[in-house]
Amino acid sequence: MSLSPGDEPHDATQAAVLAFWESRLNQRSKLDDGGRAGGEARSGAHMNGVRDLVASIFVDSGMPESSIIYEPYLPGYYRARKRWDMAVQYKGFLVAALEFKSQVGSVAKNINNRFEEALGTSTDTWAAQTKNAAFGEIPPWLGYVFVLEETEETERPGRDLRSLFPVDPTFVGMSPNQRYQEMISRFVGDNVYQAGWFITTQWHGDSAAYAEPLATATGRSFRVAVQGRVNLVRSMLD
């Protein structure tokens with residue numbers, strides 16, 4: 001799907017992806033180096049459109065707007081606290097905590113950092129619950145949303161995976177795009193995160209295109225997971 005800046009955003013995901021690119025481009029134009037050092041990503045605002053779309057899904061599912069909290073700190077176990085990108089709190093309980101991450105360029109350099117960050121964040125949060133009951137009687141519900149720029153680099157088979165012991169053969173010959181999909185698929189399948197949303201996108205100079213190549217982590221499946229979580233929490237607290 002593609003949408004030019006002047007078009008009516010009939011698709012909410014398309015509009016969020018367009019906002020992602022426009023924010024990056026606007027930020028890049030303000031940087032002395034044209035964004036080569038990644039300053040447009042460090043600003044964080046490029047994910048606001050996707051984040052706001054997810055917030056609207058929670059509101060549409062029955063959460064009051066006042067329950068949405070941006071960039072809250074949540075307790076950890078191996079470290080004191082971690083700032084999440086968004087949380088949903090209802091009647092004093094954590095309905096959801098969500099991370100919004102992206103990768104535009106430099107995939108080979110940063111892919112392992114993304115894996116380790118995502119796994120560490122979830123592991124620490126779940127340890128805080130199982131060891132210290134940090135979130136009370138209702139266990140956490142964690143969501144992971146990832147936007148990947150689709151390029152020739154993301155579609156090429158990855159580098160040599162030789163190691164001291166054999167690696168999981170599933171990863172052999174995978175492209176970075178496929179590795180990200182496998183990561184999110186395993187996260188959700190193993191309950192590391194309770195829901196995922198994986199978006200690939202391209203910028204064509206004056207329009208944006210996106211795809212959702214992982215069937216278990218589409219906008220539709222993510223919305224259903226959110227609705228189920230909200231229904232469960234409200235059945236306990238209302």
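**View 1. Strand 6 and strand 7 lie side by side, with K101 and F146 as bridge partners.** In this predicted model, K101 has F146 of strand 7 as its bridge partner. The two strands, strand 6 and strand 7, pair in the parallel sense, and seven bridges join them. Between these strands the chain passes through helix 4 (residues 107–132), and the β-α-β crossover made by strand 6, helix 4 and strand 7 is right-handed.

**View 2. Strand 7 is covered on both of its faces.** Is strand 7 (residues 142–149) enclosed by the rest of the structure or open? Eight of its eight residues are buried, so strand 7 is largely enclosed by the rest of the structure. In a regular strand, the side chains alternate between the two faces of the sheet. In strand 7, one side carries L142, Y144, F146 and L148, while the other carries G143, V145, V147 and E149, and all of these residues are buried. Strand 7 also runs parallel to strand 8 (residues 195–203), to which it is joined by seven bridges, and here E149 stands opposite T201 of strand 8.

**View 3. Y144 and F146 form a stacked pair of rings.** The structure holds 13 aromatic pairs. In the pair formed by Y144 and F146, the ring centres are 6.2 Å apart and the planes stand at 20°, so the pair counts as stacked. Y144 is buried, because its relative accessibility is 2%, and F146 is buried as well, because its relative accessibility is 0%. Both residues belong to one aromatic cluster, which is formed by F115, Y144, F146, Y180, F187, Y193 and F198.

View 4. Side chains of opposite charge can pair when their charged atoms come close. The count for this structure comes to twelve salt bridges, and one of them joins K82 to E99, with the closest N and O atoms 3.2 Å apart. The pair links distant parts of the chain, since K82 belongs to strand 4 (residues 81–83) and E99 to strand 6 (residues 93–103), 17 residues apart. Are these two partners buried or exposed? K82 counts as buried at 15% relative accessibility, because the cut-off for a buried residue is under 20%, and E99 is also buried, with a relative accessible area of 2%.

View 5. The side chains of D238 and K91 meet in a salt bridge, with a distance of 3.0 Å from N to O. This pair, too, links distant parts of the chain: D238 lies in the segment after helix 7 (219–237), whereas K91 lies in the loop between strand 5 (86–90) and strand 6, and the two are 147 residues apart. K91 is exposed, with a relative accessible area of 52%. D238 also meets the side chain of R234 in a salt bridge, where the distance from N to O is 2.5 Å, and R234 is partly exposed, with a relative accessible area of 31%. Elsewhere, salt bridges that share partners join K82, D85, E99, K101 and E117 into one network.

Notes. Residues are numbered from 1 along each chain as its sequence is written. This is a predicted model: local features need pLDDT of at least 70, side-chain atom pairs count only at pLDDT 80 or more; totals for chains, interfaces and linings use all residues. Side-chain values use heavy atoms; hydrogens and water are left out. A salt bridge is a side-chain nitrogen of Lys or Arg within 4 Å of a carboxyl oxygen of Asp or Glu. Helices (H or I, at least four residues) and strands (E, at least two) are DSSP runs, numbered from the N terminus. Buried means under 20% relative accessible area, exposed over 50%, partly exposed in between (1.4 Å probe, protein chains only). Two strands pair if DSSP finds at least two bridges between them. A crossover is right-handed if, with the strands pointing away from the viewer, the path from the first strand over the helix to the second runs clockwise. Rings of Phe, Tyr and Trp (its six-membered ring) pair if their centres lie within 6.5 Å; planes under 30 degrees apart count as stacked, over 60 as edge-to-face and the rest as tilted.
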